[in-house]
Amino acid sequence: MSRYETLKAKYSKAGQEHVFAFWEKLSEDERTPLLDQLERIDVERVNVIYKKAIKADEDAKHASSDAIEPLPEDAFESIVGADAKAVEYRKTGLRAIAEGEVAVLLMAGGQGTRLGSSDPKGCYDIGLPSKKSLFQIQAEKIKRLQAVAEKECGKPAGSVVIRWYIMTSDPTHDATRKFFGWGKNGERLDTGKPANFGLSEEQVVFFKQGVLSCLSTDGKILLENPGKVAVAPDGNGGLYPALRQPLKKSINNVDAPSIISDLRTRKIQHIHAYCVDNCLVKVADPVFVGHCIAKQAECGTKVVPKAYATESVGVVARKDGKFAVVEYSEITTEQAEKVDPKTGALAFRAANIVNHFYTTAFLERTREMEHSMAHHIARKKIPSIAIDTGAQGKTDGMKLEMFVFDVFPFTEQFAVLEVAREEEFSPLKNAPGTKADNPETSRRDLLAQQKRFLEKAGAKVKEGVEIELSPLVSYAGEGLESIKNKTFEKSGKAETLEELAAL
């Protein structure tokens with residue numbers, strides 16, 4: 001049988017033979033890419049995913065809020081206002097970083113569409129005096145943290161490396177790599193300038209999340225045009241299968257079959273994962289890593305207290321006796337306002353900020369978990385072609401995706417760490433000039449945090465003065481002893497301690 005005949009039989013058996021509806025009208029140059037795409041799609045899996053997603057969607061409509069419970073005490077700890085605890089956890093985390101046991105996973109597949117940009121969201125400039133992008137800010141935090149770990153753990157300069165795995169998507173992959181200084185085939189675009197914002201060439205590894213076919217409301221694969229299946233990224237939960245996908249060394253700078261195998265080969269035991277759109281994120285946070293190590297957690301999550309009882313945010317809780325992120329729509333007003341009698345705080349206050357910890361062993365186990373997880377349905381108007389008329393338009397359909405927290409119910413040893421929102425969470429979601437979570441609030445929150453760093457070190461910052469402190473100078477307020485008693489009277493930016501002292 002020819003490739004066409006084999007695939008047509010396979011898709012016909014799965015009830016998806018309509019993908020060949022326009023075959024006779026396609027040229028040879030159009031047929032080959034379609035066959036290539038259809039070969040990559042596991043059509044039987046598509047059908048299974050659809051059925052499980054529909055069932056889970058129906059079950060969710062009839063779920064009882066009685067099945068939702070606050071986190072148990074042994075799984076939750078707050079370090080808000082508890083500096084002594086944070087200091088001990090930080091020591092543990094720094095030791096692990098110094099021994100090369102910690103890596104970072106960045107979920108950076110999104111475009112800045114809602115921000116009015118077609119670039120990857122990590123390329124966005126939130127309006128700092130330095131014009132640094134989110135990617136550069138995070139790269140510099142990694143570089144500074146490496147130096148802190150070397151100094152505090154007695155390691156030689158340049159010996160500590162935190163590997164940075166960056167998950168992109170089809171629309172953002174090439175643009176992200178170009179932003180870091182790399183061409184499509186792994187070549188350096190400008191050998192006169194350092195790539196990776198000053199991190200070493202080999203420590204940043206790019207890999208792509210997968211895609212899933214877009215479906216009609218009755219589970220039929222949609223065609224974007226006569227010779228192409230409509231697809232969409234598989235959600236940030238696509239992180240887990242993407243870690244097992246084959247890597248191409250020339251593009252990914254890694255001589256390993258997959259990210260998982262690279263973690264194993266390098267004896268990396270602890271992984272910090274987060275989303276790109278948070279300017280306050282503490283990349284490879286030694287306090288969070290140390291907390292999870294101390295609790296012997298295989299999976300953990302960092303949360304912030306809800307701003308108010310009915311805030312529209314998912315919370316980490318227990319659902320049907322298992323750890324989960326519960327959407328605000330699933331919680332009754334009575335539950336949302338319930339207070340813990342011991343602390344006087346909200347019982348359901350652990351707001352999810354997509355900031356997670358894993359052991360490498362846990363990430364390896366996610367292969368087994370995926371068989372039990374159901375995809376979530378996002379109902380959309382999807383650009384597609386009508387099979388019966390050939391008209392191009394938009395169809396009522398669905399995109400299926402996994403969420404990164406869908407693994408929580410399978411966790412046996414789980415840890416939740418509550419941190420201060422103003423120190424660790426300022427998401428960039430909306431366009432300039434909108435009400436909240438926009439470039440203006442990100443800029444404000446980052447500069448306000450850096451002002452607190454300076455004041456805690458004993459300096460004074462006059463009202464209205466803005467000082468941008470490079471992450472290369474201080475990761476979390478450390479190393480600023482030399483500016484004690486200094487008064488900052490003019491706004492400015494500093495890339496070094498010397499520049500800071502001269503302001």
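Which residues does W164 touch, not counting residues up to four places away in sequence? In this predicted model, W164 touches V104, L106, F135, Q138, A139, I142, F180, L199, Q203, V204, V205 and Y274, when residues up to four places away in sequence are left out.

## Nonpolar cores

W164 belongs to the largest nonpolar core, which has 48 residues, and together with I97, L106, I166 and F180 it is one of the members that touch the most other members. Helices and strands both contribute to this core: helix 4 (83-98), helix 5 (134-153) and helix 10 (286-294) each supply at least two residues, as do strand 3 (102-107), strand 4 (163-168), strand 5 (204-208), strand 15 (350-359) and strand 18 (414-418).

## Strand 11 and its partners

Strand 11 covers residues 270-275 and is mostly covered, since five of its six residues are buried, a term that here stands for a relative accessible area under 20%. Strand 11 is joined to strand 3 by six bridges, and these two strands run parallel; within this pairing, V102 has H270 of strand 11 as its bridge partner.

Strand 11 is also joined to strand 15, in this case by five bridges and with the two strands running antiparallel. Here H272 stands opposite F357 of strand 15. As a general point, side chains in a regular strand alternate between the two faces of the sheet.

## The second largest pocket

The second largest pocket holds about 1500 Å³ of space. Its lining is made up of 44 residues, of which Q209, G210, V211, D234 and Q245 are the closest to the centre of the pocket. By class, this lining comprises 18 nonpolar, eleven polar and 15 charged residues.

Several elements each supply at least two residues of the lining of this pocket, namely helix 2 (28-40), helix 3 (43-61), helix 6 (173-179), helix 7 (239-242) and helix 8 (249-252), along with strand 5 and strand 6 (211-213). Helix 3 gives the most to the lining of the second largest pocket, with five residues.

## Cavities

Two cavities of 30 Å³ or more are present in the structure. The largest cavity contains about 170 Å³ of space, and of the 17 residues that line it, K141, L446, Q449, Q450 and P471 are the closest to its centre. Helix 5, helix 14 (439-456) and strand 20 (467-469) each supply at least two residues of this lining, with helix 14 giving the most, four residues. The lining of the largest cavity divides into ten nonpolar, four polar and three charged residues.

The second largest cavity contains about 40 Å³ of space and is lined by Y274, C275, N278, V281, I353, V354, N355 and F425. Strand 11 and strand 15 are the elements that give two or more residues to this lining, and strand 15 gives the most, with three residues. By class, the lining of the second largest cavity has six nonpolar and two polar residues, and no charged ones. Y274, which lines this cavity, is also one of the residues that W164 touches.

An open sheet of three strands has the order 7-17-16, and its pairing is antiparallel. Strand 7 (215-216) and strand 16 (376-385) stand at the edges of this sheet with a single partner strand each, so one side of each is left without a neighbour in the sheet. Strand 7 is joined to strand 17 (residues 392-401) by two bridges, and these strands run antiparallel; S216 stands opposite G397 of strand 17.

K61 lies in helix 3, the element that gives the most residues to the lining of the second largest pocket. K61 is exposed, because its relative accessible area of 56% is over the 50% cut-off. Between K61 and M398 the separation is 337 residues in sequence and 17 Å in space, taken from C-alpha to C-alpha.

Notes. Residues numbered from 1 in each chain as written. Predicted model: local features only at pLDDT ≥ 70, side-chain atom pairs only at ≥ 80, totals over all residues. Heavy atoms only, no water. Core = buried A, V, L, I, M, F, W, Y, C linked by side-chain atoms within 4.5 Å. Buried < 20%, exposed > 50% of the residue type's maximum accessible area, 1.4 Å probe, protein only. Contact = heavy atoms within 4.5 Å. Pairing = 2+ DSSP bridges. 1 Å grid on protein atoms, 1.4 Å probe; cavity = no way out; pocket = protein on both sides within 12 Å on 5 of 7 lines; lining within 4 Å. Points joined across faces, edges and corners; volume = space filled by probe spheres on them. Nonpolar A, V, L, I, M, F, W, Y, C, P; charged D, E, K, R; others polar.
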